[in-house]
Amino acid sequence: MKKWIISFYSVFLIAFIFYSYLFIDFNLSYLNRFYSNFIFDNRQLTSIMYASFICTFFVFYFLFWRMYLNNTLGKKDIKWIIGMTSLTLLISYPAMLSYDIFNYVLTAKVLYLYKENPYIIMPMQFTGDPFLAFTHAANKIALYGPTWLGITSIPHFLGFGNFILILFNFKLLAAAFYAATAWMLYKISKDFLSVVIFSLNPLVIIETLVSGHNDIAVVFFALSGLYLLSKKKILLAFILLLLSILIKYSTLLLLPVFLYVVFLRIKNKTVNWDKIYAICAILMLTAFLLAPFREEIYPWYAIWFLPFVALLRRKSMMVVSLVFSFSLLLRYIPYMLLGTHLDPSPLIKTLVTFVPVTCVLMFMFVKNKLWEKRFFRF
Amino acid sequence: MKKVLWVPFLVLILLTFSIAPIFAQSSYVLPYPSAMPGSFLYKPRLLFEKLNKYWYFGNFGQFTYSLKQSDKYLVEAKTLFEYKQYLLGYNALKKSDRYFKETLPNLEKAQEDEKNITQNRLILSSAAQRHIEILEIIAKDAPEEFIWQPEKERPSKLKIKAAIQLSILLRNKSL
(Lines give C-alpha, C1' and ligand atoms only; values in the text may rest on other atoms or scores of the structure.)
Protein backbone atom coordinates (compact mmCIF):
# COMPACT_ATOMS: atom_id res chain seq x y z
CA MET A 1 0.00 0.00 0.00
CA LYS A 2 2.77 2.42 1.02
CA LYS A 3 4.69 1.78 -2.18
CA TRP A 4 1.55 2.22 -4.25
CA ILE A 5 0.80 5.59 -2.68
CA ILE A 6 4.35 6.82 -3.17
CA SER A 7 4.27 5.58 -6.77
CA PHE A 8 0.97 7.38 -7.39
CA TYR A 9 2.50 10.47 -5.85
CA SER A 10 5.51 10.34 -8.18
CA VAL A 11 3.21 9.91 -11.21
CA PHE A 12 1.15 12.83 -9.94
CA LEU A 13 4.29 15.02 -9.65
CA ILE A 14 5.28 14.15 -13.22
CA ALA A 15 1.78 15.05 -14.42
CA PHE A 16 2.12 18.35 -12.58
CA ILE A 17 5.40 19.05 -14.38
CA PHE A 18 3.70 18.54 -17.74
CA TYR A 19 0.86 20.78 -16.61
CA SER A 20 3.32 23.51 -15.54
CA TYR A 21 4.78 23.67 -19.05
CA LEU A 22 1.38 24.68 -20.42
CA PHE A 23 2.04 28.07 -18.85
CA ILE A 24 5.12 28.93 -20.91
CA ASP A 25 5.15 32.55 -21.95
CA PHE A 26 5.13 33.13 -25.70
CA ASN A 27 7.88 35.74 -25.27
CA LEU A 28 10.16 33.28 -23.51
CA SER A 29 12.13 32.53 -26.65
CA TYR A 30 14.43 30.10 -24.85
CA LEU A 31 11.59 27.65 -24.25
CA ASN A 32 9.14 28.53 -26.99
CA ARG A 33 9.45 25.11 -28.60
CA PHE A 34 7.26 23.97 -25.67
CA TYR A 35 4.83 26.85 -26.11
CA SER A 36 1.18 26.08 -26.63
CA ASN A 37 -1.75 28.43 -26.43
CA PHE A 38 -3.55 25.90 -24.27
CA ILE A 39 -4.09 27.98 -21.12
CA PHE A 40 -5.51 30.88 -23.14
CA ASP A 41 -7.71 28.72 -25.34
CA ASN A 42 -8.95 26.56 -22.47
CA ARG A 43 -9.25 28.83 -19.47
CA GLN A 44 -11.99 26.80 -17.79
CA LEU A 45 -10.22 23.50 -18.27
CA THR A 46 -6.92 24.98 -17.08
CA SER A 47 -8.61 26.27 -13.92
CA ILE A 48 -10.36 22.95 -13.25
CA MET A 49 -7.10 21.09 -13.78
CA TYR A 50 -5.30 23.47 -11.43
CA ALA A 51 -7.96 23.10 -8.71
CA SER A 52 -7.80 19.31 -9.10
CA PHE A 53 -4.01 19.31 -8.80
CA ILE A 54 -4.21 21.44 -5.64
CA CYS A 55 -6.85 19.18 -4.10
CA THR A 56 -4.81 16.08 -4.96
CA PHE A 57 -1.70 17.69 -3.46
CA PHE A 58 -3.62 18.20 -0.22
CA VAL A 59 -4.97 14.64 -0.29
CA PHE A 60 -1.39 13.34 -0.52
CA TYR A 61 -0.31 15.78 2.19
CA PHE A 62 -2.89 14.57 4.68
CA LEU A 63 -2.28 10.97 3.65
CA PHE A 64 1.46 11.22 4.30
CA TRP A 65 0.82 13.05 7.54
CA ARG A 66 -1.62 10.40 8.67
CA MET A 67 0.67 7.58 7.55
CA TYR A 68 3.55 9.12 9.48
CA LEU A 69 1.41 9.34 12.62
CA ASN A 70 0.34 5.70 12.14
CA ASN A 71 3.98 4.70 11.66
CA THR A 72 3.16 3.42 8.17
CA LEU A 73 5.74 5.91 6.93
CA GLY A 74 9.03 6.23 8.74
CA LYS A 75 11.57 9.04 8.78
CA LYS A 76 13.41 7.41 5.90
CA ASP A 77 10.24 7.32 3.78
CA ILE A 78 9.50 10.97 4.51
CA LYS A 79 13.07 11.91 3.59
CA TRP A 80 12.64 9.94 0.38
CA ILE A 81 9.34 11.72 -0.38
CA ILE A 82 10.88 15.15 0.31
CA GLY A 83 13.93 14.33 -1.83
CA MET A 84 11.83 12.94 -4.66
CA THR A 85 9.49 15.95 -4.59
CA SER A 86 12.45 18.36 -4.68
CA LEU A 87 14.23 16.61 -7.52
CA THR A 88 11.11 16.02 -9.61
CA LEU A 89 9.75 19.52 -9.31
CA LEU A 90 13.17 20.95 -10.05
CA ILE A 91 12.38 20.48 -13.73
CA SER A 92 8.91 22.04 -13.55
CA TYR A 93 8.33 25.35 -15.31
CA PRO A 94 8.97 28.03 -12.65
CA ALA A 95 6.87 30.89 -13.99
CA MET A 96 3.65 28.94 -13.96
CA LEU A 97 2.04 31.02 -11.23
CA SER A 98 4.43 33.94 -10.71
CA TYR A 99 7.09 35.67 -12.76
CA ASP A 100 9.27 36.58 -9.78
CA ILE A 101 12.01 34.15 -10.69
CA PHE A 102 12.68 36.07 -13.92
CA ASN A 103 13.02 39.17 -11.82
CA TYR A 104 15.60 37.44 -9.61
CA VAL A 105 17.54 36.37 -12.70
CA LEU A 106 17.50 39.82 -14.30
CA THR A 107 18.36 41.66 -11.07
CA ALA A 108 21.38 39.39 -10.65
CA LYS A 109 22.30 40.15 -14.26
CA VAL A 110 22.12 43.91 -13.63
CA LEU A 111 24.56 43.55 -10.75
CA TYR A 112 26.92 40.85 -11.89
CA LEU A 113 26.96 41.18 -15.67
CA TYR A 114 26.23 44.85 -16.25
CA LYS A 115 27.97 45.80 -12.98
CA GLU A 116 25.33 48.38 -12.12
CA ASN A 117 23.65 48.99 -8.79
CA PRO A 118 20.22 47.30 -9.02
CA TYR A 119 18.92 49.60 -6.27
CA ILE A 120 19.38 52.54 -8.66
CA ILE A 121 19.27 51.17 -12.17
CA MET A 122 16.12 49.38 -13.33
CA PRO A 123 16.39 46.36 -15.64
CA MET A 124 14.33 48.16 -18.28
CA GLN A 125 17.18 50.65 -18.72
CA PHE A 126 19.11 47.94 -20.54
CA THR A 127 17.19 48.36 -23.75
CA GLY A 128 17.51 45.34 -25.99
CA ASP A 129 18.30 42.86 -23.24
CA PRO A 130 16.63 39.60 -24.33
CA PHE A 131 15.38 38.88 -20.77
CA LEU A 132 13.20 42.00 -20.85
CA ALA A 133 10.76 40.32 -23.24
CA PHE A 134 9.42 38.04 -20.51
CA THR A 135 10.41 39.73 -17.24
CA HIS A 136 7.60 41.46 -15.42
CA ALA A 137 8.16 44.48 -13.14
CA ALA A 138 11.32 45.34 -15.08
CA ASN A 139 10.49 48.96 -14.34
CA LYS A 140 11.32 48.52 -10.68
CA ILE A 141 14.63 48.70 -8.88
CA ALA A 142 15.73 45.64 -6.87
CA LEU A 143 12.94 44.59 -4.55
CA TYR A 144 14.97 42.45 -2.16
CA GLY A 145 17.69 43.14 0.32
CA PRO A 146 21.45 42.75 -0.12
CA THR A 147 21.59 39.23 1.38
CA TRP A 148 19.50 38.00 -1.51
CA LEU A 149 21.61 39.87 -4.04
CA GLY A 150 24.71 38.24 -2.56
CA ILE A 151 23.18 34.76 -2.68
CA THR A 152 22.03 35.18 -6.28
CA SER A 153 25.66 35.47 -7.37
CA ILE A 154 25.86 31.67 -7.01
CA PRO A 155 23.16 30.70 -9.56
CA HIS A 156 24.19 33.60 -11.78
CA PHE A 157 27.86 32.66 -12.09
CA LEU A 158 27.18 28.91 -12.19
CA GLY A 159 24.92 29.56 -15.17
CA PHE A 160 27.88 30.75 -17.30
CA GLY A 161 25.62 33.16 -19.15
CA ASN A 162 23.17 30.48 -20.26
CA PHE A 163 19.64 31.60 -19.39
CA ILE A 164 18.16 28.11 -18.96
CA LEU A 165 21.03 27.05 -16.73
CA ILE A 166 20.74 30.24 -14.66
CA LEU A 167 16.96 29.80 -14.35
CA PHE A 168 17.21 26.23 -13.13
CA ASN A 169 20.12 27.16 -10.86
CA PHE A 170 17.72 29.53 -9.13
CA LYS A 171 15.29 26.65 -8.70
CA LEU A 172 18.10 24.50 -7.35
CA LEU A 173 18.91 27.26 -4.89
CA ALA A 174 15.31 27.32 -3.68
CA ALA A 175 15.36 23.52 -3.35
CA ALA A 176 18.58 23.73 -1.33
CA PHE A 177 17.00 26.25 1.06
CA TYR A 178 13.92 24.03 1.26
CA ALA A 179 16.01 21.04 2.31
CA ALA A 180 18.03 23.18 4.71
CA THR A 181 14.85 24.58 6.29
CA ALA A 182 13.48 21.06 6.77
CA TRP A 183 16.75 20.04 8.40
CA MET A 184 16.72 23.13 10.61
CA LEU A 185 13.14 22.40 11.69
CA TYR A 186 14.26 18.95 12.76
CA LYS A 187 17.28 20.38 14.59
CA ILE A 188 15.02 22.75 16.50
CA SER A 189 12.09 20.47 17.28
CA LYS A 190 13.87 17.11 17.40
CA ASP A 191 10.57 15.80 16.09
CA PHE A 192 10.14 14.74 12.49
CA LEU A 193 6.46 15.62 12.55
CA SER A 194 7.33 19.32 12.26
CA VAL A 195 9.29 18.47 9.13
CA VAL A 196 6.32 16.54 7.71
CA ILE A 197 3.89 19.36 8.49
CA PHE A 198 6.02 22.07 6.92
CA SER A 199 7.90 20.40 4.09
CA LEU A 200 5.00 18.46 2.61
CA ASN A 201 2.60 21.39 2.75
CA PRO A 202 1.48 21.90 -0.90
CA LEU A 203 1.81 25.67 -0.60
CA VAL A 204 5.43 25.33 0.52
CA ILE A 205 6.12 22.81 -2.24
CA ILE A 206 4.51 24.84 -5.01
CA GLU A 207 5.83 28.26 -4.00
CA THR A 208 9.33 26.99 -3.26
CA LEU A 209 10.04 24.04 -5.52
CA VAL A 210 7.95 25.18 -8.49
CA SER A 211 7.99 28.98 -8.37
CA GLY A 212 11.36 29.26 -6.59
CA HIS A 213 10.38 32.12 -4.26
CA ASN A 214 13.05 33.44 -1.96
CA ASP A 215 10.80 33.40 1.12
CA ILE A 216 12.24 30.01 1.94
CA ALA A 217 15.67 31.65 2.35
CA VAL A 218 14.07 34.28 4.62
CA VAL A 219 12.67 31.62 6.97
CA PHE A 220 15.79 29.47 6.79
CA PHE A 221 17.95 32.28 8.17
CA ALA A 222 15.34 33.23 10.78
CA LEU A 223 14.99 29.62 11.95
CA SER A 224 18.77 29.18 12.03
CA GLY A 225 18.98 32.31 14.17
CA LEU A 226 16.38 30.89 16.52
CA TYR A 227 18.25 27.60 16.71
CA LEU A 228 21.54 29.33 17.55
CA LEU A 229 19.72 31.42 20.12
CA SER A 230 18.59 28.21 21.81
CA LYS A 231 22.23 27.12 21.80
CA LYS A 232 23.19 30.42 23.47
CA LYS A 233 25.22 31.58 20.43
CA ILE A 234 23.72 35.03 20.62
CA LEU A 235 25.97 36.95 18.23
CA LEU A 236 25.65 34.37 15.48
CA ALA A 237 21.91 34.20 16.07
CA PHE A 238 21.56 37.95 15.53
CA ILE A 239 23.78 37.82 12.44
CA LEU A 240 21.52 35.17 10.94
CA LEU A 241 18.41 37.14 11.81
CA LEU A 242 20.01 40.16 10.16
CA LEU A 243 20.71 38.09 7.05
CA SER A 244 17.04 37.12 7.00
CA ILE A 245 15.87 40.72 7.48
CA LEU A 246 18.16 41.76 4.64
CA ILE A 247 16.28 39.57 2.19
CA LYS A 248 12.75 40.62 3.04
CA TYR A 249 12.15 43.01 5.86
CA SER A 250 9.20 41.06 7.30
CA THR A 251 11.39 39.15 9.76
CA LEU A 252 12.30 42.45 11.40
CA LEU A 253 9.21 41.71 13.49
CA LEU A 254 11.14 38.82 15.07
CA LEU A 255 13.79 41.13 16.51
CA PRO A 256 11.85 41.82 19.75
CA VAL A 257 11.45 38.05 20.23
CA PHE A 258 15.20 37.53 19.90
CA LEU A 259 15.83 40.38 22.35
CA TYR A 260 13.28 38.91 24.74
CA VAL A 261 15.08 35.53 24.68
CA VAL A 262 18.41 37.26 25.35
CA PHE A 263 16.79 39.17 28.22
CA LEU A 264 15.54 35.89 29.73
CA ARG A 265 19.00 34.38 29.34
CA ILE A 266 20.61 37.34 31.10
CA LYS A 267 18.09 37.06 33.93
CA ASN A 268 18.82 33.31 34.10
CA LYS A 269 15.19 32.49 33.49
CA THR A 270 14.03 29.43 31.57
CA VAL A 271 12.84 30.05 28.07
CA ASN A 272 9.45 28.62 27.21
CA TRP A 273 10.18 27.78 23.59
CA ASP A 274 6.59 26.91 22.77
CA LYS A 275 5.66 30.42 23.82
CA ILE A 276 8.48 31.79 21.65
CA TYR A 277 7.31 29.82 18.62
CA ALA A 278 3.75 30.99 19.23
CA ILE A 279 4.86 34.65 19.36
CA CYS A 280 6.97 34.15 16.21
CA ALA A 281 4.03 32.54 14.42
CA ILE A 282 1.67 35.34 15.42
CA LEU A 283 4.17 38.04 14.44
CA MET A 284 4.83 36.49 11.06
CA LEU A 285 1.12 35.98 10.53
CA THR A 286 0.74 39.70 11.31
CA ALA A 287 3.40 40.54 8.71
CA PHE A 288 1.50 38.37 6.25
CA LEU A 289 -1.82 40.06 7.03
CA LEU A 290 -0.22 43.51 6.74
CA ALA A 291 0.94 42.75 3.20
CA PRO A 292 -2.11 44.39 1.54
CA PHE A 293 -0.96 47.75 2.91
CA ARG A 294 2.13 47.44 0.74
CA GLU A 295 0.75 45.59 -2.26
CA GLU A 296 -1.41 42.50 -1.83
CA ILE A 297 -1.33 39.17 -0.05
CA TYR A 298 0.70 36.84 -2.19
CA PRO A 299 0.38 33.12 -1.50
CA TRP A 300 4.11 32.65 -0.92
CA TYR A 301 4.04 35.08 2.03
CA ALA A 302 2.45 32.24 4.03
CA ILE A 303 5.91 30.65 4.10
CA TRP A 304 6.81 33.30 6.71
CA PHE A 305 4.60 31.81 9.42
CA LEU A 306 4.21 28.16 8.37
CA PRO A 307 7.52 26.89 9.88
CA PHE A 308 6.69 28.41 13.28
CA VAL A 309 3.23 26.85 13.18
CA ALA A 310 4.88 23.52 12.35
CA LEU A 311 7.15 23.92 15.38
CA LEU A 312 4.31 24.95 17.66
CA ARG A 313 1.69 22.47 16.39
CA ARG A 314 -1.11 24.15 18.29
CA LYS A 315 -4.43 23.03 16.96
CA SER A 316 -6.07 26.38 16.27
CA MET A 317 -3.02 27.81 14.53
CA MET A 318 -2.55 24.62 12.61
CA VAL A 319 -6.09 24.71 11.27
CA VAL A 320 -5.79 28.39 10.32
CA SER A 321 -2.49 27.80 8.54
CA LEU A 322 -3.80 24.75 6.68
CA VAL A 323 -6.93 26.53 5.52
CA PHE A 324 -4.81 29.50 4.49
CA SER A 325 -2.42 27.20 2.61
CA PHE A 326 -5.33 25.83 0.62
CA SER A 327 -7.22 29.06 0.07
CA LEU A 328 -4.10 31.02 -0.89
CA LEU A 329 -3.33 28.55 -3.64
CA LEU A 330 -6.83 29.14 -4.96
CA ARG A 331 -6.03 32.83 -5.43
CA TYR A 332 -4.47 31.96 -8.78
CA ILE A 333 -7.75 30.70 -10.19
CA PRO A 334 -9.51 34.05 -10.89
CA TYR A 335 -6.69 35.12 -13.23
CA MET A 336 -6.49 31.70 -14.86
CA LEU A 337 -10.21 31.73 -15.46
CA LEU A 338 -10.85 35.38 -16.34
CA GLY A 339 -7.47 36.36 -17.76
CA THR A 340 -7.44 39.67 -15.89
CA HIS A 341 -6.14 41.08 -12.65
CA LEU A 342 -8.84 43.74 -12.81
CA ASP A 343 -12.42 43.47 -11.53
CA PRO A 344 -13.86 41.09 -10.46
CA SER A 345 -10.59 39.17 -9.83
CA PRO A 346 -9.45 41.16 -6.72
CA LEU A 347 -12.82 40.64 -5.01
CA ILE A 348 -12.86 36.92 -5.80
CA LYS A 349 -9.27 36.60 -4.55
CA THR A 350 -10.16 38.30 -1.27
CA LEU A 351 -13.23 36.14 -0.80
CA VAL A 352 -11.34 32.97 -1.66
CA THR A 353 -8.59 33.85 0.83
CA PHE A 354 -10.59 34.97 3.82
CA VAL A 355 -14.02 33.34 3.65
CA PRO A 356 -12.79 29.75 4.25
CA VAL A 357 -10.60 30.83 7.19
CA THR A 358 -13.43 32.85 8.71
CA CYS A 359 -15.86 29.96 8.30
CA VAL A 360 -13.44 27.48 9.85
CA LEU A 361 -12.69 29.79 12.77
CA MET A 362 -16.38 30.27 13.40
CA PHE A 363 -16.96 26.55 13.15
CA MET A 364 -14.09 25.88 15.55
CA PHE A 365 -15.47 28.40 17.94
CA VAL A 366 -18.89 26.76 17.94
CA LYS A 367 -17.89 23.13 17.73
CA ASN A 368 -14.60 23.21 19.55
CA LYS A 369 -14.96 19.81 21.11
CA LEU A 370 -15.82 18.14 17.82
CA TRP A 371 -12.43 19.16 16.46
CA GLU A 372 -10.54 17.94 19.48
CA LYS A 373 -11.28 14.32 18.75
CA ARG A 374 -11.25 14.37 14.99
CA PHE A 375 -8.45 14.75 12.53
CA PHE A 376 -5.61 16.44 14.34
CA ARG A 377 -4.04 14.05 16.75
CA PHE A 378 -0.55 14.80 17.94
CA MET B 1 -14.56 87.01 -56.16
CA LYS B 2 -15.50 85.68 -52.76
CA LYS B 3 -12.71 83.06 -53.01
CA VAL B 4 -10.14 85.77 -53.70
CA LEU B 5 -11.16 87.60 -50.50
CA TRP B 6 -10.25 84.54 -48.47
CA VAL B 7 -6.62 84.59 -49.71
CA PRO B 8 -5.32 87.57 -47.65
CA PHE B 9 -7.11 86.21 -44.63
CA LEU B 10 -5.36 82.84 -44.98
CA VAL B 11 -2.00 84.52 -45.55
CA LEU B 12 -2.56 86.54 -42.39
CA ILE B 13 -3.26 83.40 -40.37
CA LEU B 14 -0.16 81.69 -41.76
CA LEU B 15 1.96 84.75 -40.96
CA THR B 16 0.60 84.87 -37.43
CA PHE B 17 1.66 81.29 -36.86
CA SER B 18 5.08 81.78 -38.41
CA ILE B 19 5.82 84.97 -36.45
CA ALA B 20 4.59 83.75 -33.07
CA PRO B 21 7.63 82.30 -31.27
CA ILE B 22 7.36 78.61 -30.51
CA PHE B 23 9.46 77.48 -27.57
CA ALA B 24 10.51 73.90 -27.31
CA GLN B 25 9.95 73.12 -23.68
CA SER B 26 11.52 70.13 -22.04
CA SER B 27 9.44 67.89 -19.83
CA TYR B 28 12.56 67.04 -17.82
CA VAL B 29 11.90 67.74 -14.15
CA LEU B 30 14.55 69.40 -12.01
CA PRO B 31 14.69 68.80 -8.25
CA TYR B 32 13.61 71.23 -5.53
CA PRO B 33 16.47 73.26 -4.08
CA SER B 34 18.04 71.39 -1.17
CA ALA B 35 20.17 72.77 1.71
CA MET B 36 21.86 76.01 0.67
CA PRO B 37 25.39 77.22 1.60
CA GLY B 38 25.28 78.65 5.08
CA SER B 39 22.73 76.17 6.28
CA PHE B 40 23.91 73.74 8.97
CA LEU B 41 22.74 70.93 6.69
CA TYR B 42 24.97 72.01 3.81
CA LYS B 43 28.17 70.30 4.99
CA PRO B 44 26.44 66.99 5.81
CA ARG B 45 24.86 67.22 2.34
CA LEU B 46 28.29 67.56 0.73
CA LEU B 47 29.55 64.57 2.69
CA PHE B 48 26.49 62.54 1.73
CA GLU B 49 27.05 63.45 -1.92
CA LYS B 50 30.65 62.24 -1.75
CA LEU B 51 29.62 58.93 -0.21
CA ASN B 52 26.78 58.60 -2.67
CA LYS B 53 29.25 58.59 -5.54
CA TYR B 54 30.31 55.07 -4.51
CA TRP B 55 26.70 53.89 -4.20
CA TYR B 56 26.12 54.92 -7.82
CA PHE B 57 28.64 52.48 -9.25
CA GLY B 58 28.61 51.32 -12.87
CA ASN B 59 28.52 53.44 -16.04
CA PHE B 60 24.79 54.07 -15.90
CA GLY B 61 25.03 54.65 -12.16
CA GLN B 62 27.78 57.23 -12.59
CA PHE B 63 25.84 58.86 -15.42
CA THR B 64 22.75 59.09 -13.21
CA TYR B 65 24.83 60.43 -10.31
CA SER B 66 26.56 63.10 -12.40
CA LEU B 67 23.31 64.25 -13.97
CA LYS B 68 21.53 64.39 -10.60
CA GLN B 69 24.39 66.40 -9.14
CA SER B 70 24.44 68.73 -12.12
CA ASP B 71 20.68 69.26 -11.75
CA LYS B 72 21.02 69.90 -8.05
CA TYR B 73 23.78 72.49 -8.42
CA LEU B 74 22.00 74.23 -11.28
CA VAL B 75 18.92 74.66 -9.11
CA GLU B 76 21.18 75.85 -6.29
CA ALA B 77 22.82 78.36 -8.63
CA LYS B 78 19.44 79.67 -9.81
CA THR B 79 18.21 80.16 -6.25
CA LEU B 80 21.44 81.89 -5.19
CA PHE B 81 21.42 84.20 -8.21
CA GLU B 82 17.82 85.11 -7.41
CA TYR B 83 18.99 86.17 -3.95
CA LYS B 84 21.90 88.05 -5.53
CA GLN B 85 24.43 85.73 -3.89
CA TYR B 86 26.61 85.94 -6.96
CA LEU B 87 29.79 84.36 -5.67
CA LEU B 88 27.98 81.33 -4.24
CA GLY B 89 25.76 81.11 -7.31
CA TYR B 90 28.79 81.31 -9.59
CA ASN B 91 30.50 78.48 -7.68
CA ALA B 92 27.34 76.35 -7.80
CA LEU B 93 27.11 76.93 -11.56
CA LYS B 94 30.72 75.81 -12.00
CA LYS B 95 30.01 72.67 -9.98
CA SER B 96 26.93 71.96 -12.09
CA ASP B 97 29.07 72.34 -15.23
CA ARG B 98 31.73 70.02 -13.84
CA TYR B 99 29.20 67.29 -13.14
CA PHE B 100 27.47 67.84 -16.49
CA LYS B 101 30.80 67.31 -18.26
CA GLU B 102 31.02 63.86 -16.63
CA THR B 103 27.70 62.62 -17.98
CA LEU B 104 28.55 61.94 -21.61
CA PRO B 105 31.89 60.14 -20.99
CA ASN B 106 30.02 57.73 -18.72
CA LEU B 107 27.55 56.96 -21.47
CA GLU B 108 30.40 56.48 -23.93
CA LYS B 109 32.02 54.02 -21.53
CA ALA B 110 28.68 52.21 -21.21
CA GLN B 111 28.51 51.97 -25.00
CA GLU B 112 32.01 50.51 -25.05
CA ASP B 113 30.71 47.91 -22.59
CA GLU B 114 28.01 47.08 -25.15
CA LYS B 115 25.16 48.62 -23.20
CA ASN B 116 22.39 50.23 -25.18
CA ILE B 117 22.56 53.93 -24.31
CA THR B 118 19.67 55.18 -26.47
CA GLN B 119 17.35 55.81 -23.53
CA ASN B 120 19.95 57.55 -21.40
CA ARG B 121 21.09 59.63 -24.37
CA LEU B 122 17.52 60.89 -24.71
CA ILE B 123 17.41 61.68 -20.99
CA LEU B 124 20.67 63.62 -21.30
CA SER B 125 19.40 65.56 -24.27
CA SER B 126 16.17 66.39 -22.45
CA ALA B 127 18.13 67.43 -19.36
CA ALA B 128 20.44 69.63 -21.44
CA GLN B 129 17.43 71.36 -22.98
CA ARG B 130 15.89 72.01 -19.56
CA HIS B 131 19.22 73.27 -18.20
CA ILE B 132 19.49 75.73 -21.08
CA GLU B 133 15.99 77.01 -20.35
CA ILE B 134 16.96 77.62 -16.72
CA LEU B 135 20.29 79.20 -17.68
CA GLU B 136 18.51 81.60 -20.02
CA ILE B 137 16.22 82.62 -17.17
CA ILE B 138 19.23 83.19 -14.90
CA ALA B 139 21.02 85.19 -17.63
CA LYS B 140 18.12 87.64 -17.91
CA ASP B 141 18.63 89.11 -14.45
CA ALA B 142 22.29 88.34 -13.85
CA PRO B 143 24.83 91.16 -14.06
CA GLU B 144 27.53 91.10 -16.71
CA GLU B 145 30.25 91.13 -14.06
CA PHE B 146 30.45 91.14 -10.32
CA ILE B 147 33.36 92.27 -8.22
CA TRP B 148 33.78 90.21 -5.14
CA GLN B 149 35.59 91.96 -2.32
CA PRO B 150 36.58 89.56 0.45
CA GLU B 151 37.87 90.98 3.73
CA LYS B 152 41.66 91.58 3.81
CA GLU B 153 42.09 90.08 0.34
CA ARG B 154 42.26 91.29 -3.19
CA PRO B 155 38.97 91.78 -4.99
CA SER B 156 38.14 89.34 -7.79
CA LYS B 157 36.02 89.92 -10.84
CA LEU B 158 33.36 87.30 -11.66
CA LYS B 159 32.32 87.30 -15.31
CA ILE B 160 28.85 85.99 -14.63
CA LYS B 161 27.19 86.36 -18.04
CA ALA B 162 30.21 84.78 -19.74
CA ALA B 163 30.05 81.88 -17.30
CA ILE B 164 26.37 81.37 -18.04
CA GLN B 165 27.10 81.46 -21.79
CA LEU B 166 29.79 78.83 -21.31
CA SER B 167 27.34 76.64 -19.39
CA ILE B 168 24.82 76.96 -22.23
CA LEU B 169 27.49 76.07 -24.78
CA LEU B 170 28.47 73.03 -22.77
CA ARG B 171 24.89 71.78 -22.65
CA ASN B 172 24.32 72.55 -26.32
CA LYS B 173 26.85 69.83 -27.14
CA SER B 174 24.62 67.26 -25.48
CA LEU B 175 21.40 68.21 -27.23
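**Folds, packing and contacts**

Guide: Bear in mind that this is a predicted model. Starting with chain B, its elements run α-α-α-α-α-α-β-β-α from the N terminus on.

Visitor: How many helices and strands is that in chain B?
Guide: Chain B comes to 7 helices and 2 strands.

Visitor: And what share of chain B is buried?
Guide: Buried residues make up 28% of its 175 residues. As for contacts in chain B with a separation of 6 or more, 64% come from residues 24 or more positions apart.

Visitor: Switching to chain A. How many helices and strands there?
Guide: Chain A has 19 helices and 0 strands. Its radius of gyration is 21 Å, close to the 21 Å from the globule rule for 378 residues, so chain A is as compact as a globular protein of that length.

Visitor: What does the C-alpha trace of chain A span?
Guide: About 60 × 45 × 40 Å along its principal axes.

Visitor: Burial and contact range for chain A?
Guide: Of the 378 residues of chain A, 42% count as buried. Take the contacts in chain A between residues at least 6 apart in sequence: 69% of them join residues at least 24 apart.

Visitor: Now the core. Which residues touch the most other members of the largest nonpolar core?
Guide: A:Val105, A:Met284, A:Ala302 and A:Phe305 do, in a core of 138 residues. Helix H8 of chain A, residues 163-189, gives the most to this core, with 11 residues.

Visitor: Which residues does A:Phe305 touch, leaving out those up to four places away in sequence?
Guide: A:Ala281, A:Met284, A:Leu285, A:Phe288 and A:Ser321.

Visitor: Let's do a helix pair. How do H3 and H9 of chain A cross?
Guide: Their axes come within 10 Å and cross at roughly 170 degrees. Over 145 degrees counts as roughly antiparallel, and H3(A) and H9(A) are therefore roughly antiparallel to each other.

Visitor: Which residues meet there, between H3(A) and H9(A)?
Guide: From H3(A), A:Phe64, A:Trp65 and A:Tyr68. They meet A:Leu193, A:Val196 and A:Ile197 in H9(A). The residues of this contact divide into 6 nonpolar, no polar and no charged.

Visitor: Last topic, the two chains together. How many residues of chain A are in contact with chain B?
Guide: 10 residues of chain A are in contact with 11 residues of chain B.

Visitor: How does the chain A side divide into nonpolar, polar and charged?
Guide: The side of chain A that touches chain B has 4 nonpolar, 4 polar and 2 charged residues.

Technical notes:
Residues are numbered from 1 along each chain as its sequence is written. Chains are lettered from A and ligands numbered from 1 in the order in which they are written. This is a predicted model: local features need pLDDT of at least 70, side-chain atom pairs count only at pLDDT 80 or more; totals for chains, interfaces and linings use all residues. Axes are lines fitted to C-alpha atoms, for helices over the stretch in contact, and angles run from 0 to 180 degrees between N-to-C directions. Helices (H or I, at least four residues) and strands (E, at least two) are DSSP runs, numbered from the N terminus. Angles under 35 degrees count as roughly parallel, over 145 as roughly antiparallel, 65 to 115 as roughly perpendicular and the rest as oblique. Two residues are in contact if their C-beta atoms, placed from the backbone, lie within 7 Å. Ala, Val, Leu, Ile, Met, Phe, Trp, Tyr, Cys and Pro count as nonpolar, Asp, Glu, Lys and Arg as charged, and the others, Gly among them, as polar. A residue is buried if 20 or more other C-beta atoms lie within 10 Å of its own, exposed if 12 or fewer, and partly exposed in between; C-beta atoms are placed from the backbone. A nonpolar core is a set of buried Ala, Val, Leu, Ile, Met, Phe, Trp, Tyr and Cys residues joined through C-beta atoms within 7 Å. The radius of gyration is taken over C-alpha atoms; the globule rule is 2.2 Å times the number of residues to the power 0.38.
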